[in-house]
Amino acid sequence: MESDLTITTLAERPGLKDALWRMLDTWDEFVTQDPVGWANIGRIVAELPEYVLVATDPEGEVVARAFSVPLALDADGRRELPDRGWDRMMLWAFSDLRHGRSLDTVSAVEITVAAGRQGQGISALMLAAMRDNAVRLGFREVIAPVRPSAKSAEPHTSIHEYAHRTRESDGLPYDPWLRVHVRAGGVVEKVAPASMTVSGSIEEWRRWTGLPFEESGETVVPGALVPVRVEAERGYAVYVEPNVWVRHRL
């Protein structure tokens, strides 16, 4: 595990903002087309820099970033982790910011490690730093709509089965990213079956993926956790991604 990294908030090192965005990542193009994320991810950096973590190596290169947002979970109409997961959490957070509500929870938004730096334990360091930062800011809980990335190898497997699958050897989650969260102290709580929605025209999906999208029905897309639903005659396709809610009590 990397131990020579410097991890701070963007509020502490605002000069890293441009480098943070320039960091090469491995997100699939279609994932970045979620309209809720498209509209709000930049606002986290601009308006909530104390909730943005940046990791640099000894040469000063940005090798990882972590975004989180504060929100009011203990509020009327909420209290339960939402089925619409990532999208709903983002909408709640910026609604709460706009209306000046009392904030009680931090939600993870993303932890991204630079291309070529995966497999070095950096994601676990960033998760630990996110937990510590939430404590420093006065919160007692972090929630995370986790994207179990290895699920893409089993797009037809039920997310409800996959989320709770464990290894016989140690009882930890089968999925490696869920396993990092549980090792850090998180508890798998529930599935968010409609956590993120990406819709687009057939031409857009062809551009995002390089696939033909010629027939209606389900199309398996590399990197997607479930198949994309294609309506070829109507000229569009829709991807509804499930995530897994993990709760970290601090």
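G77 is found in the loop between strand 3 (62–71) and helix 3. In this predicted model, G77 is exposed, with a relative accessible area of 77%. D96, which lies in helix 3 (residues 85–99), is buried, with a relative accessible area of 1%.

- The relative accessible area of G77 counts as exposed because it is 77% and the cut-off for exposed is over 50%.
- From G77 to V187 there are 110 residues in sequence, and the C-alpha atoms of the two are 23 Å apart in space.
- D96 counts as buried because its relative accessible area is 1%, and the cut-off is under 20%.
- The side chain of D96 makes a polar contact of 2.8 Å with the side chain of R101.
- Leaving aside residues up to four places away in sequence, D96 touches L71, A72, R78, R101 and L103.

**Helix 6 and its ends**

- Helix 6 spans residues 176–183, and its buried residues are W177, L178, R179, V180 and H181.
- These buried residues pack against strand 4 (105–113), strand 5 (141–146), strand 6 (187–201) and strand 9 (236–249), and also against helix 4 (122–136) and helix 5 (159–163).
- Just after helix 6, G185 has a positive phi of about 115 degrees.

**The chain as a whole**

- Seven helices and nine strands make up the secondary structure of the chain.
- The radius of gyration is 18 Å, close to the 18 Å that the globule rule gives for 250 residues, so the chain is as compact as a globular protein of that length.
- Taken along the principal axes, the box filled by the C-alpha atoms is roughly 50 × 45 × 45 Å.
- Buried residues account for 50% of the 250 in the chain.
- Of the contacts between residues at least 6 apart in sequence, 71% join residues at least 24 apart.
- The chain has an accessible surface of about 11800 Å², and carbon and sulfur atoms hold 49% of that surface.
- There are 28 positive and 37 negative charges in the chain, and their mean positions are 4 Å apart.

Terms used
Residues numbered from 1 in each chain as written. Predicted model: local features only at pLDDT ≥ 70, side-chain atom pairs only at ≥ 80, totals over all residues. Heavy atoms only, no water. Helix = DSSP H or I, 4+ residues; strand = E, 2+ residues; numbered from the N terminus. Rg over C-alpha atoms; globule rule 2.2 N^0.38 Å. Buried < 20%, exposed > 50% of the residue type's maximum accessible area, 1.4 Å probe, protein only. Contact = heavy atoms within 4.5 Å. Areas by Shrake-Rupley, 256 points an atom, 1.4 Å probe, with all protein chains shown as cover. Lys, Arg positive; Asp, Glu negative; His and termini not counted. Charge placed at Lys NZ, Arg CZ, Asp CG, Glu CD. Polar contact = N/O pair within 3.5 Å; in protein donor to acceptor, adjacent residues only side chain to side chain.
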